[in-house]
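Here is a short note on aromatic rings and their neighbours. Please read it with the structure open.

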Amino acid sequence: MPTVTLLSHTPEPERLVAAAARMCYSAADAATIWDGLTEEKTAGFLDMLTEIGHESPVEHASFTFAIEGVSRSLLAQITRHRIASFSVQSQRYVREKAFEYVLPPEIAAVPQAKALFEQQMERDQQAYDQLTEILSARHQEALEQQGMPPEEAAKAARKKAIEDARFVLPNACCTKMVMTMNVRSLYNFFRLRCCNRAQWEIREVARQMLLECRKAAPHLFAKAGPACLYGPCSEGKMCCGQMEEVRRLYR
């Protein structure tokens, strides 16, 4: 299952956002922008921003997460959130020895389906290993013919081989990443991915991320969550019909 760790965030994110908001709505300057920004006044600024829908000040704060135990399928979804920074473990440079994989709960719940899935993962691993060996031997021979020392040729050949062998690996193959988003992008991410209509894996990642954000900046993320948390469902006729249950979970 996915594991999310909050690695870092902007120091005093709530106070920074309040200071940015103060610049918008008062005569404060760089010398006075922090003056009197108590916890109470900071909360007041954040509540005001939420009430009037002014989100640009929250862009000044960002949060960085480590996300592990997720599939390459999730990677394809999460990188669609383009206002973010990603560092992802490379299958080009990291050889997949006995690769770990994500087993979808619906498959795990059916013994026959689970057995078939696990057999396929084993076959994929065997194919990957065999392709790596076949290509490595070919590349090493060519490199040695070009005059490269055998030990150096073997290392270079292996690296070149896994670039192509990785194409046989499945969407289920595990990956890990570091992701950074500013708070406004996180709001959008939570609106979309905490929704019951989101795919189960990215929904669980979003839930864990929101939990970590609320611990670090409770006022800033007090109303963050799926679109239906404080308003109507945004999915129209595709609504899950479980809004009250969703609201109980995220409140």
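How many aromatic pairs does a search of the whole structure find? The points below start there.

1. The model is predicted. A search of the whole structure finds six aromatic pairs.

2. Take F63 and F221. Their ring centres are 5.3 Å apart. Their planes meet at 90°. Planes over 60 degrees apart count as edge-to-face, so the pair of F63 and F221 is edge-to-face.

3. This pair links distant parts of the chain. F63 is in strand β2, residues 62–71. F221 is in the loop between α8 (200–216) and α9 (243–250). The two residues are 158 residues apart.

4. Are F63 and F221 buried or exposed? F63 has a relative accessible area of 0%. F221 also has a relative accessible area of 0%. Buried means under 20%, so F63 is buried and so is F221.

5. Next, F189 and F190. Their ring centres lie 5.9 Å apart, with the planes at 65°. That angle is over 60 degrees, so this pair is edge-to-face. Both residues are buried.

6. Which residues form one aromatic cluster? They are F63, Y187, F189, F190 and F221. The cluster therefore includes both rings of the edge-to-face pair F63 and F221.

7. Now look at Y230. The charged end of K223 sits over the Y230 ring, 5.2 Å from its centre. The charged end of R251 sits over the ring of Y230 too, 4.8 Å from its centre.

Definitions and conventions: Residues are numbered from 1 along each chain as its sequence is written. This is a predicted model: local features need pLDDT of at least 70, side-chain atom pairs count only at pLDDT 80 or more; totals for chains, interfaces and linings use all residues. Side-chain values use heavy atoms; hydrogens and water are left out. Rings of Phe, Tyr and Trp (its six-membered ring) pair if their centres lie within 6.5 Å; planes under 30 degrees apart count as stacked, over 60 as edge-to-face and the rest as tilted. Helices (H or I, at least four residues) and strands (E, at least two) are DSSP runs, numbered from the N terminus. Buried means under 20% relative accessible area, exposed over 50%, partly exposed in between (1.4 Å probe, protein chains only). A charge sits over a ring if NZ of Lys or CZ of Arg is within 6 Å of the ring centre and within 35 degrees of the ring normal.
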